[in-house]
Amino acid sequence: MKNALITGITGQDGSYLSELLLSKGYNVYGIMRRKSVVDFGNVEHIKDKINFIYADMTDIVSLVNAMKISKADEVYNLAAQSFVATSWEQPVATAEINALGVTNLLEAIKITNPNARFYQASTSEMFGLVQEIPQCETTPFYPRSPYGVAKLYGHWITKNYRESYNLYACSGILFNHESERRGKEFVTRKITDAAARIKFGIQDCLELGNMDSKRDWGHSKDYVNAMWLMLQQETPDDYVIATNETRTVREFVEIAFKYTGIDLEWKGKEIDEIGIDKSTGKTIVKVNPKFFRPAEVDILLGNPQKAEKILKWKREISFDEMVKRMVENDLTLVEQEVRISELNN
Ligand code: NAP
Ligand code: F7E
């Protein structure tokens, strides 16, 4: 039986990866940060099957300890300050976790078990101001946020430890991937949550920033499978994981509302653009400049051919299916919330 150590286990990807590894018979260890209120996040439902170790990416001592306790054969580094917008507000913390944290973990592996296989969660944000469309493994990087810059360090230090110390270390350059477990600050979940609330009449309007920005969106469940496949190969390498489809935020909004049964009509331009519910005439989507970023990544479109060929990776969940699942999940959650508040009143 193999042992796996997952950092970022309480997050979106950590939860789907835990489920995948448990289904394959792994002993799953996960590092968790100490909080004032104990919170298992997205792995609450499987917390009894996971071995938790308190550790932090910024504390190498705790990572050496986690390696010793878990005796990990495979280490998946998913921990990060992952919200791009916050990286302008907390650029130093973002660098400490997303950049130096990777060195801390690689050192912990080198010291305790250099035969462990390592996965680094790299990102399409490293392409930033894209130098070619679509982006693949050889596309030059041009990050556009403190998040992207820190992740680029994590990417290169992983490659550097592979080449310097012969570690089995891979980076997955994953494009945006979402799910019912996505944090509500990210645009997709913000939209599906708001669509459900507007449908139930407990929110009036959804306020967004740049609706022209284009993303290549897949489902997290498909993407964690690619992480595992990367660590099962004969030689370590880096791979782009994407859908090769791109859509604007505006298109995501339209489809999400469609799955709640609301037909949207757009009026106006730029910051005056509004989305109107065709059946009621009410404005339910507005632009709020507070959600614009100091620098934007305008378009992401990934080419996953290398992963499809070598890893035999294939996505199972289409874009439409993903949005549908997210909307249905939020409709259920909001309905429960409404029922509970009615019972309490
Ligand atoms: P997420 O839901 O935000 O989860 C991030 C995880 O990192 C959480 O468990 C968080 O723990 C943990 N964490 C944050 N700071 C930490 C620290 N100092 N020490 C230990 N743990 C810490 O992110 P995700 O969407 O699952 O993404 C997983 C990874 O893939 C991240 O590295 C992200 O940057 C990268 N990535 C994501 C995407 C995407 O579209 N989802 C695409 C490319 C790459 P708490 O619960 O304590 O906050
Ligand atoms: O923004 C625009 C925003 O925050 C997507 C992370 O997982 O994927 C994610 O980063 C787009 C941007 O994700 C709002 O300006 C408009 O263009 O959902 P997001 P992200 O920045 O693409 C990459 C691959 C990662 O690695 C990251 O960890 O949507 N947008 N209006 C908005 N975004 C947000 N959050 N909120 C808005 O109101």
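**Before you start**

The model is predicted, with local features needing pLDDT of at least 70, side-chain atom pairs counting only at pLDDT 80 or more, and totals for chains, interfaces and linings using all residues. Residues are numbered from 1 along each chain as its sequence is written, chains are lettered from A and ligands numbered from 1 in the order in which they are written, and side-chain values use heavy atoms, with hydrogens and water left out.

**Stop 1: the seven-stranded sheet**

Begin by colouring the strands of the open sheet whose order is β3-β2-β1-β4-β5-β6-β11; its seven strands have parallel pairing. Helices here are DSSP runs of H or I with at least four residues, strands are runs of E with at least two, and both are numbered from the N terminus. Two strands pair if DSSP finds at least two bridges between them.

Look to the edges next: β3 (51-54) and β11 (239-241) each pair on one side only. Neighbouring strands of this sheet are turned by 25° against each other on average, direction ignored. For such angles, axes are lines fitted to C-alpha atoms, for helices over the stretch in contact, and values run from 0 to 180 degrees between N-to-C directions.

Now zoom in on β2 (residues 27-32), which runs parallel to β3 and is joined to it by four bridges. Select Y29 and you will find its bridge partner N51 in β3. While you have a strand on screen, remember that side chains in a regular strand alternate between the two faces of the sheet.

**Stop 2: ligand 1**

Which residues are closest to ligand 1? Show T10, R33, S82, Y147 and K151, the closest of the 24 residues that surround ligand 1. A residue counts as near if one of its heavy atoms lies within 4 Å.

- Q12, with a backbone N or O atom at 3.0 Å
- D13, with a polar backbone atom at 2.8 Å
- L78, with a polar backbone atom at 3.0 Å

Taken alone, ligand 1 exposes 900 Å², and the protein buries 88% of that. These areas come from the Shrake-Rupley method with a 1.4 Å probe.

Colour the shell by element: α1 (12-23), β5 (117-123) and α5 (146-165) each supply at least two residues. The largest share, three residues, comes from β5. By class, the shell around ligand 1 has nine nonpolar, nine polar and six charged residues. In this scheme Ala, Val, Leu, Ile, Met, Phe, Trp, Tyr, Cys and Pro are nonpolar, Asp, Glu, Lys and Arg are charged, and the others, Gly among them, are polar.

**Stop 3: ligand 2**

Move on to ligand 2, surrounded by 23 residues, of which S82, T123, S213, R293 and E296 are the closest.

Which backbone reaches an oxygen atom of ligand 2? Select S82, where a polar backbone atom is 2.7 Å from a ligand oxygen. Next show the side chain of Y147, with an N or O atom 2.7 Å from an oxygen atom of ligand 2. A polar side-chain atom of R215 lies 2.8 Å from an oxygen atom of this ligand.

Taken alone, ligand 2 exposes 700 Å², and the protein buries 95% of that. The elements giving two or more residues to its shell are α6 and β8. That shell divides into eight nonpolar, seven polar and eight charged residues.

**Stop 4: the four-stranded sheet**

Follow β8 into the open sheet of four strands, ordered β8-β15-β14-β13 with mixed pairing. Its edge strands, β8 (206-208) and β13 (264-267), each pair on one side only.

Select β15 (residues 283-287): β8 pairs with it in the parallel sense over three bridges, and L206 stands opposite V285. On β14 (residues 274-277), the pairing with β15 is antiparallel, again over three bridges, and G275 has V285 as its bridge partner. Finish at the hairpin of β14 and β15, where five residues lie between the strands and G281 in the turn has a positive phi of about 80°.

Conventions: Polar contact = N/O pair within 3.5 Å; in protein donor to acceptor, adjacent residues only side chain to side chain.
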